Amino acid sequence: MIGTNKKSIGEILLEDMNLVALTKDDLKKAEDIGKDRSKYIGDSLIQLGLISEDDLLRALSIQLDIPYLAEIDPQTVDSSIVSKVPLNFVRRNKLFPISIDGNILKVAMRDPLNLEPLDDLGILLGLPVEPVISSENEILESINRFYKQDADSAEKVIQDMDGEDLGVLSREIEEPDDLLEIDHDAPIIKLVNLMLLQAVKDRASDIHIEPFEKKLNVRYRIDGVLYNILTPPKRYQSPIVSRIKVMANLDIAEKRLPQDGRIKIKMTDREVDIRVSVLPTTFGERIVLRLLDKTGIFLDMKDIGFSKEDLERYEKLITHSNGIILVTGPTGSGKTTTLYATISSINSSEKNIITTEDPVEYQLDGIGQIQINPKIDLTFANSLRSILRQDPDVIMVGEIRDLETAEIAIHASLTGHLVFSTLHTNDSAGAVTRLLDMGIEPFLVSSSVLAIMAQRLVRVICPECKGPYMPDEKALKEIGLTMEDVRRVTDTLYIGRGCSRCLNTGYKGRTGIYELLMVNDNVRKLIMSNADSSRIKRDAVKKNGLVTLTGDGARKVLQGITTIEEILRVTQE
């Protein structure tokens, strides 16, 4: 079943795969770490950043003479076989049954030398079993996709609920529920769990449950756009709302006042925090659930969409010992993710980093995070005053909302602290006029602000259904491009055709577009002369080579990352 290659993993990586960045000294170092921490050498090399998991699994495939699957194609999976293998078994052993080839069951595993679960699976199904190698992440994605996968399952539950008792709403919720284990729950609990399960699978950031006179709408926000998902009968409105209130520890009897709460759920390897907002409307209580997937946040600045030039300039900026760096954009434009990626990259044992946020969305190791609470007068301004007595090196203020917070943040930056914060403005230059309008003196703005970065999130073309196309000159002109620009960089542009992987939208995932305004001597002069934002931006483009949001978007269109329509949608120009 499993062949053997006399070469070690290290020798295969060096000789057969010829990894240029790897040396014999690296192997020795990884070997020593492995001995100290009871780790395989391959895992030690990954930990040191010398190889990727893909490199290791390819080497393991060569060593054991077992096929390597970089991706498990859903089209090749036999769901009738999957349904015969218990969820707890595949999850515990991190394996996934793919299909029967001839009379042999093919099973994806990260560690094919773990023979015991393969023997158990063979006995369970009465078939000989052969492993293929796949990454742990790919296996877990397949488990999430195929267990309780039926896209119409929530609809099916609604149909099955006719005539059933809908009154079973409560159950003690001590530990976060795993949404894949919902077979024996009451119908209304099952329906709510399936709605949450499908939202997590579809990468939704929000679930909207909206009551109207004669119907109830359920919509998911996926990659920043709302999609209709379900229309349960109106009579299920009250049980659904009550169930969600029970999960969030809210008062189910109070239907006249807004309420806010929080739910924690699990889905296999993922833990998801859900912020719950309940709002009374004319036709009943409206609920919005904000899903915060703790495994889904980017914490590497190389992964959030910076161009090479902007990344180099931004990385230099964040090494300053004092000054303010502002990130601007509307709600949902990725400002918090950028700031988390930033402070994670500069986090070290030599620095004291403290944040004040509303709310604290993700916990970051080694960083002090304060949740503001206006009810007890713990505002941004008050928490910022207290932070300054904690000897910080770097401070992150969730948002500058008023003159008091702005003044304290600016004085903190002038007294030897590096301050990061956000503002709600449309572009980078607009942040200057916003601060001046708040009442900050021009000389304080010009002397404290190092840079202002505006950003938006654009949807990325789905790699599964990506296809070439050529837009007309009018469309190109709207984002400042010509046919000559396209021909100079690439032969063609791309668009998503729509497939099951991207819910037929043509897009899957999002990335950032950025406008990084460096506050240099020229910009300082304009600030001191009270120039308006359009003049500051115009001068920065002409004299300093500022690349606007639309300009950065145009670069990503030429690189085949996104589309013209998407850039125009988010920049609204």
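1. Glu515 and Lys537 are both buried, where buried means under 20% relative accessible area, exposed over 50% and partly exposed in between (1.4 Å probe, protein chains only). Their side chains meet in a salt bridge, 3.6 Å from N to O. A salt bridge here is a side-chain nitrogen of Lys or Arg within 4 Å of a carboxyl oxygen of Asp or Glu. The pair links distant parts of the chain, with Glu515 in strand β19 and Lys537 in helix α21, 22 residues apart. Helices (H or I, at least four residues) and strands (E, at least two) are DSSP runs, numbered from the N terminus.

2. A word on the model before going on. This is a predicted model, in which local features need pLDDT of at least 70 and side-chain atom pairs count only at pLDDT 80 or more, while totals for chains, interfaces and linings use all residues. Residues are numbered from 1 along each chain as its sequence is written, and side-chain values use heavy atoms, with hydrogens and water left out.

3. Now to helix α20, residues 521–528. Its buried residues are Asn522, Val523, Leu526 and Ile527. They sit on the same side of α20 because they cover an arc of only 140° around the axis, the arc being that of the directions from the helix axis to the C-beta atoms. The cover over these buried residues includes α16 (430–438), α17 (442–448), β19 (507–518) and α21 (533–544); contact means heavy atoms within 4.5 Å.

4. What about the other face of α20? Turned away from the buried side, it carries the exposed residues Asp521 and Lys525. Asp521 has 55% relative accessibility, and its side chain meets that of Arg524 in a salt bridge of 3.0 Å, N to O. Both residues lie in α20, 3 residues apart, about one turn of the helix. Arg524 counts as partly exposed, at 30% relative accessibility. Just after the helix, Asn530 takes a positive phi of about 60°.

5. Which residue does Asp358 form a salt bridge with? The partner is Arg401, with the closest N and O atoms 3.1 Å apart. Asp358 lies in the loop between β12 (353–357) and β13 (368–371), and Arg401 in the loop between β14 (394–397) and α15 (403–414), so the pair ties together parts that are 43 residues apart in sequence. Asp358 is partly exposed at 37% relative accessibility, and Arg401 is partly exposed too, at 43%.

6. One network of salt bridges links Glu309, Asp310, Arg313, Asp552, Arg555 and Lys556.

7. The sheet is open, with 7 strands in the order β13-β12-β14-β15-β11-β16-β19 and mixed pairing. Two strands pair if DSSP finds at least two bridges between them. At the edges are β13 and β19, each pairing on one side only. On average, neighbouring strands are turned by 20° against each other, direction ignored. Inside the order, β11 (residues 323–328) and β15 (residues 418–423) pair in the parallel sense over 6 bridges, and Leu326 has Ser421 in β15 as its bridge partner.

8. Two helices lie across this sheet's strands. Helix α12 (residues 308–317) lies across β11, β15, β16 (449–461) and β19, at about 60° to β19. Helix α13 (residues 335–346) lies across β11, β12, β13, β14, β15, β16 and β19, running at about 170° to β15. Axes are lines fitted to C-alpha atoms, for helices over the stretch in contact, and angles run from 0 to 180 degrees between N-to-C directions.
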